[in-house]
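Here is a colleague's note to read with the sequence and the model side by side. Please follow each point on the structure itself as you go.

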Amino acid sequence: MTPVRGEITVVIADDDPRIGSAVAGLLGQEPGFRVVAEVADGDAAVAAAREHRAALVLTDVRMPGGGPELVRRLVALPHRPVVAGLSAQADPATWTRVLAAGGSAYLLKGSLAGDLPVLLRRCVQGHLVVGVPGAADLVRRLLCP
């Protein structure tokens, strides 16, 4: 499939099919997004992103083959997709590793609902998006000791 100009092609990678299906359903109703694959592990995420030249990969951080290593593999692809981590974990050690590996976003499951398309568009536009309570305070402390 050839992407339509301005369309954001998305691979959703989550080992919980309910999450993947819910996110695909939400993005499928949103103009400008086209979900091109739903996969359940890191290797399949890389293969789908490569095959479809996905602009965005939304990945569960704790699925098999996921986490920072998957983010590194994805951003190393020749077309360098934007990678957004999705997790139930809000601990700083997890989200900072995902971002340090090249992720453009870290979003919490269950707290997004209608905000997800807006946040993902911001990522694709080049913004860093961290949807974790307390993240701004932690970043300020790191940058301004």
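Predicted model: local features only at pLDDT ≥ 70, side-chain atom pairs only at ≥ 80, totals over all residues.

1. Residues are numbered from 1 along each chain as its sequence is written, and side-chain values use heavy atoms, with hydrogens and water left out.

2. Helices (H or I, at least four residues) and strands (E, at least two) are DSSP runs, numbered from the N terminus. The sheet is open and has six strands in the order S2-S1-S3-S4-S5-S6, with parallel pairing, where two strands pair if DSSP finds at least two bridges between them. Strand S2 (33-39) and strand S6 (129-131) stand at the edges with a single partner strand each, so one side of each has no neighbour in the sheet. From one strand to the next, the twist averages 20°.

3. The pairings can be followed strand by strand. Strand S1 (residues 8-13) runs parallel to S2 and is joined to it by six bridges, and Ala13 has Val39 in S2 as its bridge partner. S1 also pairs with S3 in the parallel sense, over four bridges, with Leu56 in S3 as the bridge partner of Val10. S3 and S4 pair in the parallel sense over five bridges, and there Thr59 stands opposite Gly85 in S4.

4. Is S3 covered on one face or on both faces? Both faces are covered, with Leu56, Leu58 and Asp60 buried on one side and Val57 and Thr59 buried on the other; buried means under 20% relative accessible area, exposed over 50%, and partly exposed in between (1.4 Å probe, protein chains only). In a regular strand the side chains alternate between the two faces of the sheet.

5. Helix H2 (residues 42-52) lies across S1, S2 and S3 and runs at about 145° to S2. Here axes are lines fitted to C-alpha atoms, for helices over the stretch in contact, and angles run from 0 to 180 degrees between N-to-C directions.

6. Helix H1 (residues 17-28) also packs with helix H5 (residues 116-124), at an angle of about 80° and with the axes 10 Å apart. The two helices H1 and H5 are therefore roughly perpendicular to each other, a description used for angles of 65 to 115 degrees. Val23, Leu26 and Leu27 of H1 meet Leu116, Pro117 and Leu120 of H5 in this contact.

7. In helix H4 (residues 92-100), the residues Thr94, Trp95, Val98 and Leu99 are buried. Seen down the axis of H4, these buried residues fall within an arc of 125°, so they line one face of the helix; the arc is that of the directions from the helix axis to the C-beta atoms. After H4 comes Gly102, whose phi is positive, near 120°.

8. Finally, consider Val35, which lies in strand S2 and is partly exposed, with a relative accessible area of 25%. Leaving aside its neighbours within four places in sequence, Val35 is in contact with Val10, Ile12, Ala24 and Leu27.

Notes. Parallel < 35°, antiparallel > 145°, perpendicular 65-115°, else oblique. Contact = heavy atoms within 4.5 Å.
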